[in-house]
Amino acid sequence: MKLSYDDVKRHIAHINLKKIGSFGQKKIIDTKILIVGIGGLGSPVATYLASSGVSNIGIVDHDKIDISNLQRQILFNEEDVNKFKVDIAEKKLKKINSKIKIKKFKTKIDDNNINKIAKQYDLIIDGTDSFKTKLLINDYCYKNKKILICGAISKFDGHVFVFNFKKKNSPCLRCFMPNIPSTDMLDCQSEGVLSTLAGMVGVIMTNETIREILNFENSLCGNILIINAENFLIKKIKLKKNKDCIKKIK
Ligand SMILES: [Zn+2]
């Protein structure tokens, strides 16, 4: 199927980029993406995915909006407090593009529901704050050969991981973190987190999403990107594949 007249008009700035063109834009539109956690990271991710043209988005989050979320969760306003994040996210994203199909999952992703929720999506974005959930999503993507873009933020530090399990030899999150750390949660509220760090890491995650969809060179797959917002440093570190991970996943 070709791009519609409306799609060409809307996405002309992408189409005019030789590296994207109509073909690339069609790929962006057709990629089905699941966002797990629509908070500090999920907000910028969802916003840029919607504006970039992704037309099939799933959102998983069981939480309601709290006033303390507004410091960094840019999808939400004062009037949204106490409402479910997925409901407000759907409303806001539809304002960007009314044709987007959004599937809401008002639940916590777990062992029992991950297969059913994630099955129909090509690429999974992990914006959750629990290491246990991160490993669960990692294992699912590994087993089902999906692309995983994973982000984490705490205080002034952010991490971005890209795992393209369609490629052979992609490392996984367990290569970096074999076991669940003793403090399972990356608790932004009590640990503290810089507002703009959530934005930067979220936008980098979306950038990497687009690069994976379009198969750009120099994929981040196999590296950790470390962002320090206090001193503004960005570092890329190569991740070694650990062969023992497979035993833990299977
Ligand atoms: Zn691994």
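Okay, two housekeeping points. We're looking at a predicted model, where local features need pLDDT of at least 70 and side-chain atom pairs count only at pLDDT 80 or more, while totals for chains, interfaces and linings use all residues. Residue numbers start from 1 along each chain as its sequence is written.

Let's begin with the sheet. Eight strands make an open sheet with mixed pairing, in the order β3-β2-β1-β4-β5-β6-β7-β8. At the edges stand β3 (101-105) and β8 (233-238), each with a single partner strand, so one side of each has no neighbour in the sheet. On average, neighbouring strands here are turned by 15 degrees against each other, direction ignored. For the terms: strands (E, at least two residues) and helices (H or I, at least four) are DSSP runs numbered from the N terminus, and two strands pair if DSSP finds at least two bridges between them. Axes are lines fitted to C-alpha atoms, for helices over the stretch in contact, with angles from 0 to 180 degrees between N-to-C directions.

Zoom in on β1, residues 32-36. Five bridges join β1 to β2 (residues 56-60), and the two run parallel.

By contact I mean C-beta atoms, placed from the backbone, within 7 Å. Helix α5 (residues 85-96) lies across β2 and β3, at about 170 degrees to β3.

Stay with α4 for a moment. Nine of its 11 residues are buried, so α4 is largely enclosed by the rest of the structure. Buried means 20 or more other C-beta atoms within 10 Å of the residue's own; 12 or fewer is exposed, in between is partly exposed, and C-beta atoms are placed from the backbone. Those buried residues pack against α3 (21-30), β1, β2, α5, β4 and α10. Just after the helix, G53 takes a positive phi of about 115 degrees.

How do α4 and α10 cross? Their axes come within 8 Å and cross at roughly 40 degrees. On the α4 side, the contact includes V45, Y48 and L49, and on the α10 side, G199, V203 and M205 are among the residues.

The largest nonpolar core has 59 residues, and I33, L34, I35, A46, I124 and I125 touch the most other members. Such a core is a set of buried Ala, Val, Leu, Ile, Met, Phe, Trp, Tyr and Cys residues joined through C-beta atoms within 7 Å. Helix α10 (residues 195-213) gives the largest share, seven residues. Leaving aside neighbours within four places in sequence, the contacts of I125 include I33, V45, I149 and M205.

Six bridges join β8 to β7 (residues 223-228), running antiparallel, and I226 stands opposite K235. Four residues sit between the strands of this hairpin, where F232 has a positive phi near 40 degrees.

Last stop: F216, in the loop between α10 and β7. Is F216 buried or partly exposed? Partly exposed, because F216 has 15 C-beta neighbours inside 10 Å.

Technical notes
Contact = placed C-beta atoms within 7 Å.
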